[in-house]
Amino acid sequence: MSRLFWGAMGIVSAGIAAPIASYLITPLLGPGGTKDWVRMGKVDELPLNAPQRIEVARRMAEGWVTEDSAVTAWVVRTPDKIYVFDPHCTHLGCAYRWVEEAKQFFCPCHAGIFSLTGKVVSGPPPRPLDIYAYEVREGALYVVPTPTKQVV
Amino acid sequence: MWSRLQLSKWFDERLSTRAIRVALFDRHIPKSSPLVEWIYTLGSVLLFLFILQAVTGMMLAMNYVASPDHAFDAARYISMRAPLGWLIRGLHSWGATAMVVVIGAHMLTTFLSGSYKYPRESTWITGVFLFLIVMLFGFTGYLLPWNQKSYWATVVGTNIAGATPYIGDYIVRFFRGGSEVGPQTLTRFYAMHVLMLPAALIVFAAVHLFMVVRQGISAPPKRHPEYGRHGINAELGIDPGIGVGTQLSVDAQRTRAADEYHHEKEAGESFYPFYLAKDAVAVLLALSVVALLVFMYPTEIGEIADPASTSYNPRPDWYFLFLFQALKYFPGSMEAVAAVMVPGLALAVLLAVPFFDRRMRQHPLDRPIATGFAFSALAGVIALTVVGAQSPLLNPYVPERPTVEEGHRLFHTLNCAYCHSVNGRGSKIGPDLMLDTLKHDKTWIIAHLERPGEVVRPGARTAMTGLLPDESADLFDYINELQGGGPYSEKASRLFYRNCGKCHVVAGHGGAKGPDLSGIGLVRSVSFIHRYMEDPKALYSLTKMPAFVQPEGKLTHVEIEDIARFLAHQRTPAPPKN
């Protein structure tokens with residue numbers, strides 16, 4: 001009898017736990033972020049070596065909510081390359097800022113400092129600023145606002 | 001009508017309620033000093049605070065929606081409009097703080113008095129889980145008002161979990177319900193905060209309290225140095241390899257301690273009314289302190305969460321501040337150590353504490369290592385919290401004037417960029433508000449904002465119809481700021497070159513010690529420049545520029561405003577040097 005009790009209860013709890021676990025875990029397995037290209041303006045309007053914080057709207061579905069949210073990126077045009085940085089510090093995700101006087105990016109949380117090209121100058125950030133993939137089509141800058149690690 | 005006696009007899013005949021009353025209320029508590037007796041009230045205060053949180057939380061839930069579209073407005077409604085909503089919300093938020101403080105004190109005194117030792121090891125372990133649940137309550141509840149503070153604390157907090165080796169990414173996505181903190185995070189945190197955590201807390205608290213009543217409240221610690229001494233084991237004979245002395249085996253110590261406890265308990269007073277009365281006084285005191293804090297420091301409403309903002313300086317609530325500060329001392333490669341391993345280790349130590357030293361010495365002075373450890377941990381947490389609270393921001397956000405900020409916000413919500421561009425970004429139907437010199441004065445601009453059909457072109461309709469006078473004034477301030485803050489005098493350029501020209505270049509003239517300011521008007525507002533000239537170090541702590549306002553410098557406020565306007569009009573950046 002006791003075996004019957006434990007067997008039945010085991011089946012009942014497994015029967016409840018399995019769908020709950022997959023309900024909770026499945027959303028974690030899909031690819032994160034978006035794959036849509038977002039237009040960020042004309043390339044030749046970007047000043048050289050002066051980071052611009054560009055904010056554009058993007059429609060994104062998360063769960064049952066489809067939201068028009070702002071996508072922000074710091075765009076740096078250097079003579080040989082464009083950098084499109086995710087606007088979050090690679091340490092713990094605080095929003096960092098460009099300090100014109102120092103020509104560096106400063107994060108206010110734990111004093112992380114990045115150079116113009118996103119390299120870690122000092123502080124705790126473990127890696128250079130994350131970048132968005134970009135493409136230039138007909139003089140306009142398009143990005144995929146999903147952060148990827150910079151390959152150095 | 002039945003008397004109380006008859007009623008209790010009626011129930012006792014059916015349910016033997018007398019036995020319950022004896023077990024719960026007539027149980028004896030070991031005699032101790034008045035100070036220790038007050039310390040014993042901490043547990044009851046915690047139970048009270050939990051009930052307070054539950055009741056106020058239920059009230060708050062009646063006016064709350066867990067959606068980014070509504071959460072902030074709901075919280076603001078509770079604080080500003082709902083009858084006594086500010087009190088309910090204040091009690092809930094200060095009650096949470098009080099719970100963290102009291103649970104910390106409860107754990108510390110339990111540790112110091114060695115009350116976690118045999119036979120109360122499992123009571124301590126459920127207590128550690130209760131502590132964890134309370135911290136999770138704090139973490140999940142913090143997000144619900146959906147303001148800047150709560151949003152960014154959650155971004156940082158979930159990222160900390162992301163430092164866990166291998167599975168960090170999955171933990172972050174589990175908590176956030178997606179890749180970013182957003183609507184899904186809010187519903188998840190809400191479900192945890194109001195459903196899962198209360199259920200868990202009730203289960204653990206019930207077990208905890210059951211064990212407290214079943215085993216009896218521990219007696220205040222007595223000095224028993226002989227329990228710790230090494231040497232001859234009275235019970236088991238000579239312990240080889242250890243010096244001379246008298247030591248009881250752990251089992252013998254336990255028998256003795258149980259005996260001692262039994263006698264003390266017999267000699268003590270009953271829980272009701274002697275101890276319960278003290279509990280009631282302590283609860284009253286706790287409620288008064290919480291209420292006083294609510295009156296003195298009402299819960300702030302803050303600004304609505306803005307994921308795109310770069311102007312916010314994230315800071316966690318004070319009880320997570322020590323962790324936040326500690327993270328500054330670890331380089332990025334050690335992040336996993338600081339963020340996950342140290343707290344994880346601390347938790348493991350807390351859970352294992354009852355099994356480290358099984359001897360029955362309980363008095364803090366008999367256990368110098370454990371006592372020293374507790375105090376140094378406490379001192380460390382306090383020191384980190386103080387340093388964290390006092391540390392200046394390396395890169396403080398400098399807010400624009402409030403009316404300018406408000407105007408900027410209105411500019412976006414009213415979609416002014418549909419016609420106007422700012423610094424080249426936006427539509428070209430109307431003039432660029434930053435680069436083109438506006439031909440009109442304030443009266444015309446206000447009229448354009450409030451009655452576009454009359455001044456822009458007959459019949460024109462824009463989203464701006466229906467602006468309040470305050471709002472059009474704010475918009476004007478914003479436009480004025482974009483325009484450089486208004487005209488400057490003809491002396492301004494002379495003042496600039498005389499005072500600033502040694503270090504700064506404008507239009508090709510000046511020294512090279514400081515940055516070239518030829519395009520400064522494109523990146524800095526006039527009020528920023530003004531404040532920077534008055535006190536540069538306040539805005540950028542590493543600068544070498546001196547203050548220019550009297551008495552430190554030579555310039556008056558009026559002259560500084562003149563130069564600031566002159567600079568705000570400098571919008572031709574020098575070509576980059578390659």
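In this predicted model, R188(B) lies over the face of F174(B), 5.4 Å from the ring centre. A pair of aromatic rings is described by the distance of the centres and the angle of the planes.

**Chain A: W74 and Y96**

- The ring centres of W74(A) and Y96(A) are 6.3 Å apart and the planes meet at 25°, so this pair is stacked, the cut-off for stacking being under 30 degrees.
- The pair links distant parts of the chain, 22 residues apart: W74(A) belongs to strand 3 (residues 65-77), and Y96(A) to the loop between strand 4 (82-85) and strand 5 (97-99).
- W74(A) has a relative accessible area of 8% and is therefore buried.
- Y96(A) is also buried, with 0% relative accessibility.
- One aromatic cluster includes W74(A) and Y96(A), together with Y83(A), F85(A), W98(A), F105(A) and F114(A).

**Chain B: F139 and F189**

- F139(B) and F189(B) have ring centres 5.5 Å apart and planes at 55°, so the pair is tilted; edge-to-face would need an angle over 60 degrees.
- F139(B) is in helix 7 (residues 121-143) and F189(B) in helix 10 (residues 183-215), so the pair ties together parts of chain B that are 50 residues apart in sequence.
- F139(B) is buried at 17% relative accessible area, under the 20% limit.
- F189(B) counts as buried, its relative accessibility being 0%.

Conventions
Residues numbered from 1 in each chain as written. Chains lettered and ligands numbered in written order. Predicted model: local features only at pLDDT ≥ 70, side-chain atom pairs only at ≥ 80, totals over all residues. Heavy atoms only, no water. Phe/Tyr/Trp six-rings, centres within 6.5 Å; stacked < 30°, edge-to-face > 60°. Helix = DSSP H or I, 4+ residues; strand = E, 2+ residues; numbered from the N terminus. Buried < 20%, exposed > 50% of the residue type's maximum accessible area, 1.4 Å probe, protein only. Lys NZ or Arg CZ within 6 Å of the ring centre and 35° of its normal.
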